[in-house]
Amino acid sequence: MKILNLYCGIGGNRKLWGDEHQVTAVELDPNIAAVYQDLFPKDKVIIGDAHEYLKEHFNEFDFIWASPPCQTHSSFRQNIGVRFRGVEAVYPDMKLYQEIIFLQYNFKGKWVVENVNPYYNPLIESNVELDRHKFWCNFKIEKAEFVRPKLREAQIPQLQEAYGYDLSGYKLPNKRQVLRNCVLPDVGKHILDSATVIA
């Protein structure tokens with residue numbers, strides 16, 4: 001399949017997809033994109049705005065995965081940070097829902113959009129919840145259990161072990177956050193396997 005991996009980070013969701021697919025990954029941060037390219041040298045990596053790339057190129061792919069930024073939707077940020085720690089209150093980033101609606105009505109292939117459990121009732125109900133994420137999609141994803149470290153306590157060594165990455169050779173300003181942003185590789189594989197099931 002031709003796969004578009006939007007907001008790819010270092011590729012937690014991508015790690016167990018294998019090399020049989022043609023993957024294009026889009027990441028805004030050039031330092032993170034460089035790590036992804038090093039980890040997945042066969043993938044085409046675009047440094048740029050994933051939201052705009054989706055709109056311009058969606059018809060070129062068979063499967064699209066989007067993981068738009070989750071910080072403004074996060075229950076931890078709102079319920080702990082804003083309420084008790086003086087973190088600035090911000091508008092939720094509505095690109096999440098723009099992309100869900102855009103894919104629902106315009107894309108003919110399989111697609112999935114991933115984000116955290118928000119602090120508010122989702123404006124569009126997700127199709128499934130796995131691990132600590134909600135997934136909106138146009139195919140059936142079976143519920144499954146996954147093991148991950150507790151994110152609030154986990155430090156870089158535990159996160160690297162959980163995701164199977166060693167970032168010691170890379171200069172990234174916040175390795176812990178980069179790892180925390182990853183989708184568990186087992187979750188990524190479970191979803192891609194679900195998308196490729198022939199009905």
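This is a chat about side-chain contacts in a predicted model.

Colleague: OK. And is cysteine 137 buried or exposed?

Modeller: Cysteine 137 is buried, at 7% relative accessible area. Cysteine 182 counts as buried too, with 4% relative accessibility.

Colleague: Switching to aromatics. How many aromatic pairs are there?

Modeller: The structure holds seven aromatic pairs. One of them is phenylalanine 58 with phenylalanine 102: the ring centres are 4.9 Å apart and the planes sit at 85°.

Colleague: What kind of pair does that make it, and why?

Modeller: Edge-to-face, because the planes of phenylalanine 58 and phenylalanine 102 are at 85° and anything over 60 degrees goes in that class.

Colleague: Where do those two residues lie?

Modeller: Phenylalanine 58 is in the loop between helix 2 (50-57) and strand 4 (63-66), while phenylalanine 102 is in helix 4 (residues 95-106). So the pair ties together parts that are 44 residues apart in sequence.

Colleague: Is phenylalanine 58 buried or exposed? And what about phenylalanine 102?

Modeller: Phenylalanine 58 is buried at 12% relative accessible area. Phenylalanine 102 comes out as partly exposed, at 22%.

Colleague: How accessible are tryptophan 65 and phenylalanine 135?

Modeller: Tryptophan 65 has a relative accessible area of 0%, so it is buried. Phenylalanine 135 is buried as well, with 0%.

Colleague: Which residues form an aromatic cluster?

Modeller: Trp65 and Phe135 belong to one, along with Trp17, Phe63 and Phe139.

Colleague: Now lysines and rings. Which ring does lysine 2 lie over?

Modeller: Lysine 2 lies over the face of phenylalanine 61, 5.8 Å from the ring centre. There's also lysine 15, whose charged end sits over the ring of tyrosine 165, at 5.4 Å from its centre.

Colleague: Next topic, salt bridges. How many turn up in the whole structure?

Modeller: Seven salt bridges. Among them is lysine 42 with aspartate 19, where the closest N and O atoms are 3.9 Å apart.

Colleague: What parts of the chain does that one tie together?

Modeller: Two loops. Lysine 42 is in the loop between helix 1 (30-39) and strand 3 (44-47), and aspartate 19 is in the loop between strand 1 (2-6) and strand 2 (22-27), so the bridge ties together parts 23 residues apart in sequence.

Colleague: Is lysine 42 buried or exposed? And aspartate 19?

Modeller: Lysine 42 counts as exposed at 67% relative accessibility, and aspartate 19 counts as exposed at 52%.

Colleague: Which network of salt bridges are they in?

Modeller: Lys42 and Asp19 are linked with Arg14 and Asp43 in a network of salt bridges.

Colleague: What does lysine 134 meet in a salt bridge?

Modeller: Glutamate 129, at 3.2 Å from N to O. Lysine 134 is buried, with a relative accessible area of 10%, whereas glutamate 129 counts as partly exposed at 30% relative accessibility.

Colleague: And what about lysine 189?

Modeller: The side chain of lysine 189 meets that of aspartate 193 in a salt bridge, 2.8 Å from N to O. Both are in helix 7 (residues 185-195), and because they are four residues apart there, about one helical turn separates them. Lysine 189 is partly exposed at 34% relative accessible area, and aspartate 193 counts as partly exposed at 37% relative accessibility.

Conventions: Residues numbered from 1 in each chain as written. Predicted model: local features only at pLDDT ≥ 70, side-chain atom pairs only at ≥ 80, totals over all residues. Heavy atoms only, no water. Buried < 20%, exposed > 50% of the residue type's maximum accessible area, 1.4 Å probe, protein only. Phe/Tyr/Trp six-rings, centres within 6.5 Å; stacked < 30°, edge-to-face > 60°. Lys NZ or Arg CZ within 6 Å of the ring centre and 35° of its normal. Salt bridge = Lys/Arg side-chain N within 4 Å of Asp/Glu carboxyl O.
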